[in-house]
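Me: I am new to reading protein models, and I would like to learn how to go through one feature at a time. Could you take me through this one?

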Amino acid sequence: MKTLQEIHEQIVKSTTADLIASVKEAPLNATHPVSIYFLMNFTINPIEPFLKHYLYQSNFNSDIIFGQYDNIMQEILDDQSILRTKQFDLVVCSLFYHTQDALLIESLNNPEHFINQLSTYFDNILEKTSSLLLLNTLITPFFSETGITSQVRPNQTDAILEINQFIRHYVRQHANRCFLMDWNRYTQLLGEQNSLDYRYWYMYKAPFKKDFLSLYSNDITKVARALKGKAKKCLILDCDNTLWGGIIGEDGIGGIKLDNHNYPGKVFYDFQQTVLKLSEIGVILALCSKNNEQDVWEVFEKHPYSLLRRNHFAAHRINWVNKADNIIDLVNELNIGIDSCVFVDDSKTECELIRTALPDVTVLQVPQPIYEYPALLLKAGLFDTISLNQEDASRNKKYQEENQRKQLLKKSHSVTDYLASLELVALIHPITETEIPRVTQLTQKTNQFNLNTQRYTQQQIENFYHSENSMVFSLTAKDKFGDYGLTGVLIAKKIGKKGLIDTFLMSCRVLSRNLEDVFVQTCLNYCKQKWGVTEWEADFVPSDKNMQIVPFLQKTGFTTEDNQKYFLNMNQWSQEKVTHIKVITEGITYA
Amino acid sequence: MLEQRVKKILSQLFQIPVESINEDTSSDTVPNWNSLAHMNLVVALEEEFGVSFSDEQMIEMLSYPLIVLTVKEAANEKTI
């Protein structure tokens with residue numbers, strides 16, 4: 001059977017037309033069913049021929065379903081969706097965010113928000129399905145958006161790395177059901193040129209080139225193999241020029257190349273290191289070598305740089321019998337399937353013999369140049385021997401469900417906990433002269449959370465600033481992740497004995513943290529002290545975009561009859577207590 | 001010759017016999033010829049003929065005769 005690495009190399013070489021034609025029908029030996037569902041926020045559909053090719057080559061007959069474009073949450077929550085009604089072996093949650101993506105740009109200052117969103121997706125998929133979940137990392141930008149100075153301000157690379165750290169952590173925390181598809185590593189391997197297809201991204205929201213789709217399919221197939229118990233279990237190794245350089249029977253223990261310092265001995269030492277690691281995760285090691293047994297054992301027992309020792313090998317055939325017979329013997333002794341074996345040998349003849357005689361065995365020949373050898377096994381990615389099967393998955397599901405219920409109970413508190421953890425600080429005060437340009441700009445730019453979308457010139461703001469009967473307040477906020485800057489403006493006027501809220505606006509990125517509550521409270525309390533005003537009016541002017549002001553006014557305690565003039569009497573006002581924001585009223589901001 | 005190569009690609013991508021492809025073969029008559037398949041078609045033709053199509057060309061080549069014309073056009077542009 002071909003290794004996944006060999007399949008990848010073959011795909012990269014073949015044309016799109018040939019690839020598509022090759023997966024027209026499942027081959028006869030593709031008998032093991034595997035079902036895969038894609039949840040996606042972009043066009044991942046072009047992956048289909050690639051993934052099918054890998055699966056067919058691994059004897060899987062696949063059932064691949066693509067979800068709706070960017071409809072993830074709805075599909076998860078709808079218990080009539082295909083995702084929910086049919087249990088899939090694998091759910092691939094494919095999330096692509098281009099560096100110009102609004103969500104990503106928003107998350108610059110506050111990746112937490114983005115992370116919470118992802119966490120909601122992932123938690124819900126785990127809770128509502130019993131499938132294995134494949135999650136991808138995001139791709140860090142190829143270019144710095146602010147050039148050499150990018151390190152002095154929030155930048156995308158940092159934000160994405162933080163998000164990726166979360167995804168990795170999530171996978172580790174849910175290791176029994178989640179697997180990492182490390183997109184960022186694919187791009188490292190392939191480079192921008194072979195990863196991203198900007199033409200199809202802009203035309204069809206299909207951002208990936210074929211090399212990338214091939215690596216992605218490769219990893220998905222690994223999970224399918226592991227799930228269906230088809231990952232390799234046993235590594236059968238030749239000795240001479242495989243576990244050391246040279247021939248022990250001729251060069252002797254002092255003459256073979258194996259050490260930690262010099263080339264090429266270091267190459268074999270590093271290869272042994274990889275083999276040892278595999279043995280530690282449960283891969284069975286066996287020897288199959290044409291040699292005098294005593295010579296071989298001498299190396300494993302006495303060579304100072306042999307990391308592998310005799311006791312690492314579960315079985316061995318060191319003799320002059322042909323290797324195909326020896327491997328059949330080994331398989332019988334170890335009581336494992338012949339298709340779970342990987343055979344490594346430096347001799348082309350031996351490799352060809354095994355490929356022909358035992359086609360189910362995966363054969364790897366020691367590469368030339370030899371310095372490519374240490375990476376051989378990792379590159380082939382054969383030994384994903386997670387002890388995982390359907391039963392584990394369903395047992396885990398029940399456990400998981402119980403956990404989810406407990407979590408749900410706690411959920412009502414979690415937003416509060418989250419907000420508290422932000423360590424928000426709000427600086428609210430009558431503006432200083434330096435803040436006038438920024439305040440003006442906000443009155444001109446802000447559309448959504450804006451009472452009446454009244455635009456002002458700098459001169460007008462200056463007039464308010466100097467007037468006895470008006471006050472201009474600014475809100476500057478920050479949390480433990482960074483500074484939001486000056487993001488809120490409230491202009492109050494004293495008209496007779498009453499107060500008028502002339503302007504009230506906030507930048508959207510600071511909403512939903514109760515900053516709007518403390519802002520209004522602080523300003524009105526300040527005016528009450530200064531002017532003795534307790535009755536307030538706010539004139540709401542609806543636009544296409546500012547409807548979210550209305551629920552805020554109502555929640556805050558304003559009343560209205562015509563949905564235009566809103567009133568508030570401070571003597572009957574029960575101000576919402578906000579404890580998670582530290583409010584400061586004195587201080588300097590740099591607008 | 002060029003015509004045969006185009007036919008072969010259409011046949012591979014849309015799973016239709018080469019013999020059935022004629023002047024009337026278009027996205028209206030081939031059931032599998034959807035936007036996703038069209039993306040693959042463009043890439044496959046670009047690989048086969050070593051050309052790269054402009055946005056307009058991509059959108060235009062919705063039938064066998066138009067593909068042949070466009071491929072010729074793109075190949076000429078390449079040699080200029």
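Reply: We can begin with the core, meaning a set of buried Ala, Val, Leu, Ile, Met, Phe, Trp, Tyr and Cys residues joined through C-beta atoms within 7 Å, where buried means that 20 or more other C-beta atoms, placed from the backbone, lie within 10 Å of a residue's own. The largest nonpolar core here has 77 residues, and those with the most contacts inside it are A:L90, A:V91, A:C93, A:L133, A:L134 and A:L135. This is a predicted model, in which local features need pLDDT of at least 70 and side-chain atom pairs count only at pLDDT 80 or more, while totals for chains, interfaces and linings use all residues. Residues are numbered from 1 along each chain as its sequence is written, and chains are lettered from A and ligands numbered from 1 in the order in which they are written.

Me: Which helix gives the most to this core?

Reply: Helices are DSSP runs of H or I with at least four residues, numbered from the N terminus. Helix 11 (residues 210-227) of chain A gives the most, with eight residues. A second, separate core of 43 residues includes A:I428, A:L442, A:F449 and A:V518.

Me: How many residues of chain B are in contact with chain A?

Reply: Two residues are in contact if their C-beta atoms, placed from the backbone, lie within 7 Å. Twelve residues of chain B are in contact with twelve residues of chain A. On the side of chain B that touches chain A, helix 1 (2-14) and helix 2 (35-49) of chain B each supply at least two residues, and helix 2 of chain B gives the most, with eight residues.

Methods:
Buried ≥ 20, exposed ≤ 12 C-beta atoms within 10 Å, placed from the backbone.
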